[in-house]
Amino acid sequence: MMKLLASFILLLLGLPLQAQEINQMYRPIRSMGMGGTILTTVQGSEALFTNPAAMGKIEGLDIHLLSVGLGGRVPSTEDLDAIEGIDANDPSTYNGLFGRRFHFLGTGSAAIALPYIGFGYYTDYTLSLELHNPGYPEFTTYFRNDSAYYIGGAYPLGPKTYLGLAMKRVNRWGGDVQELGLTTVANAGDLSAIMDEFNNKGTGYGVDIALMTQADTPLNPTLTVVWKDVGNTAFEKTSGNDAPSHIPQNLGAGVSLGFDLPGLDWIVALEGQHLLDPEIQIGKKLHLGTEISIPFLDLRAGINQGYFSYGAGFDFFIFRLDAASYTEELGVYPGQSADNRIMVGLSIDLSFDANFKFTDTSGKKRKLKQRR
């Protein structure tokens, strides 16, 4: 009896923690390494996905030809030992997985932008599993796939001041926590079989608006306010029993300073995100990040939800490699339930200046031009 009661309590404790993770669309690896800051630090055509007002700073033609990323929770030695000992034909071998959480993330994007207008596509796949309830083993499972088409632009309101608007069509698959029995997961064979357990799909239309201004001073202070998914982005059911859960609106604001030093750039940013959501504790809303850029190399660090993050980017002609180590808070407040993760990715970017002459991403000069 006590064993069943303890199992029930563990299950109840596990579900709220899963629900406390902040799941959101488009978080580039660069941002993850910089403590989650992105509103004032976004570069080039990727502004379409995060801060459409920043598209006003684009000069010439910017083509974000392709970006792919893979990552997830960093497995511990105990996690690997527990996985290695699994025998699909012996349910008792799953005992080592109780309380262990597994998280996988894959992303892809492409975009093209001219001054003041751009088009783009983004997709991601997120999957998390955690085994609970020894009396009747189940995996608390979260799966979501978002595929979105964007169109947006920026309008100059004054010197280095822009109003931005982006509209998007989002196809969502999953997006809600679901309990899957041990037998279901054990017999799945691969991740795609687990995804097939989530039947709810839907289509929704969302709007992002933004305002950005930059002072013409040596430190280039930049202020921005971005309201994503204004009024929430709801979905109309296209498959399954119910429409997927809506994307909650997200009001964010930030400030950054840029230092133009001999041989390098240095940017520092402070942001608050999800400012309209009273259920998110203030410590999870704050983000602090920095990036030092020299030709061919970017070094990044920051504070995300109370945890240290760091990353790096390497530019070679039109190719860019990025990597980040960061932590997500799964509990209600920072310090309650940390989940350490990594992310790596490859991007291919083509840029042409105002005279449509080809430029690469490896030089310090081009990075400064995008920020101003």
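Where is the place of arginine 172? I looked, and arginine 172 sits in strand E5. I note at the start that this is a predicted model.

**Entry 1: Arginine 172**

I checked burial next. Arginine 172 has 8% relative accessibility, so I log it as buried, the cut-off being under 20%. I then asked which residue forms a salt bridge with arginine 172. The partner is aspartate 146, and the closest N and O atoms are 2.7 Å apart.

I listed the contacts of arginine 172 and left aside neighbours within four places in sequence. Among them are Arg144, Asn145, Asp146, Asn200, Lys201 and Gly202. The list also includes Phe235, Pro244, Ser245, His246 and Ile247.

**Entry 2: Valine 170 and the cores**

I moved to valine 170. Not counting residues up to four places away, valine 170 touches Met25, Asp146, Ser147 and Ala148, among others. Gly202, Thr203, Gly204, Phe235 and Ile247 are also on its list. Asp146, Gly202, Phe235 and Ile247 are in contact with arginine 172 as well.

How many residues does the largest nonpolar core have? I read off 26 residues. Val170 is one of those with the most contacts inside this core, together with Met25, Phe49, Met55, Tyr122 and Tyr150. I then asked which elements supply at least two residues each. They are helix H3 (47-50), strand E2 (101-114), strand E4 (138-158), strand E5 (161-181) and strand E6 (201-214). A second, separate core has 18 residues. Phe139, Trp173, Val185 and Phe198 are included in it.

**Entry 3: The whole chain**

I stepped back to the totals. The protein chain has 372 residues, and 49% of them count as buried. I count 8 helices and 16 strands. For contacts with a separation of 6 or more, residues 24 or more positions apart account for 63%. The chain exposes about 16,900 Å². Carbon and sulfur atoms supply 65% of that area.

**Entry 4: Other salt bridges**

Side chains of opposite charge can pair when their charged atoms come close. How many salt bridges are there? The count comes to 19.

I picked out arginine 341. It forms a salt bridge with glutamate 21, with the closest N and O atoms 2.9 Å apart. This pair links distant parts of the chain, 320 residues apart. Arginine 341 is in strand E15 (residues 338-352). Glutamate 21 is in the loop between helix H1 (2-19) and helix H2 (29-33). Are the two buried or exposed? Arginine 341 counts as buried at 2% relative accessibility. Glutamate 21 counts as buried at 7%.

I also looked up aspartate 298. It forms a salt bridge with arginine 300, the closest N and O atoms being 3.4 Å apart. Both aspartate 298 and arginine 300 are buried. They belong to a network of salt bridges that also links Arg30, Glu46, Glu291, Arg320, Asp322 and Asp349.

**Entry 5: A nonpolar surface patch**

I turned to the surface. Which residues form a nonpolar patch there? I noted Ile112, Leu114, Ile117, Phe119, Ile151, Leu165, Met167, Val207, Ile209, Trp227 and Leu276. Together they have about 860 Å² of accessible area. E2, strand E3 (117-132), E5 and E6 each supply at least two residues of the patch. At 30% relative accessibility, tryptophan 227 counts as partly exposed.

**Entry 6: Positive phi values**

I finished with the backbone. Aspartate 229 has a phi near 50°, a positive value in a residue other than glycine. Aspartate 229 lies in the loop between E7 and strand E8 (236-239). Its relative accessibility is 5%, so aspartate 229 goes down as buried.

Where is histidine 274 found? I placed histidine 274 in the loop between strand E10 (264-272) and helix H7 (282-285). The phi of histidine 274 is near 55°, also a positive value in a residue other than glycine. Histidine 274 counts as buried at 10% relative accessibility.

Definitions and conventions. Residues numbered from 1 in each chain as written. Predicted model: local features only at pLDDT ≥ 70, side-chain atom pairs only at ≥ 80, totals over all residues. Heavy atoms only, no water. Core = buried A, V, L, I, M, F, W, Y, C linked by side-chain atoms within 4.5 Å. Buried < 20%, exposed > 50% of the residue type's maximum accessible area, 1.4 Å probe, protein only. Helix = DSSP H or I, 4+ residues; strand = E, 2+ residues; numbered from the N terminus. Contact = heavy atoms within 4.5 Å. Areas by Shrake-Rupley, 256 points an atom, 1.4 Å probe, with all protein chains shown as cover. Salt bridge = Lys/Arg side-chain N within 4 Å of Asp/Glu carboxyl O. Patch = residues over 30% accessible without salt bridge, like charges linked within 9 Å, V, L, I, M, F, W, Y side chains within 5 Å.
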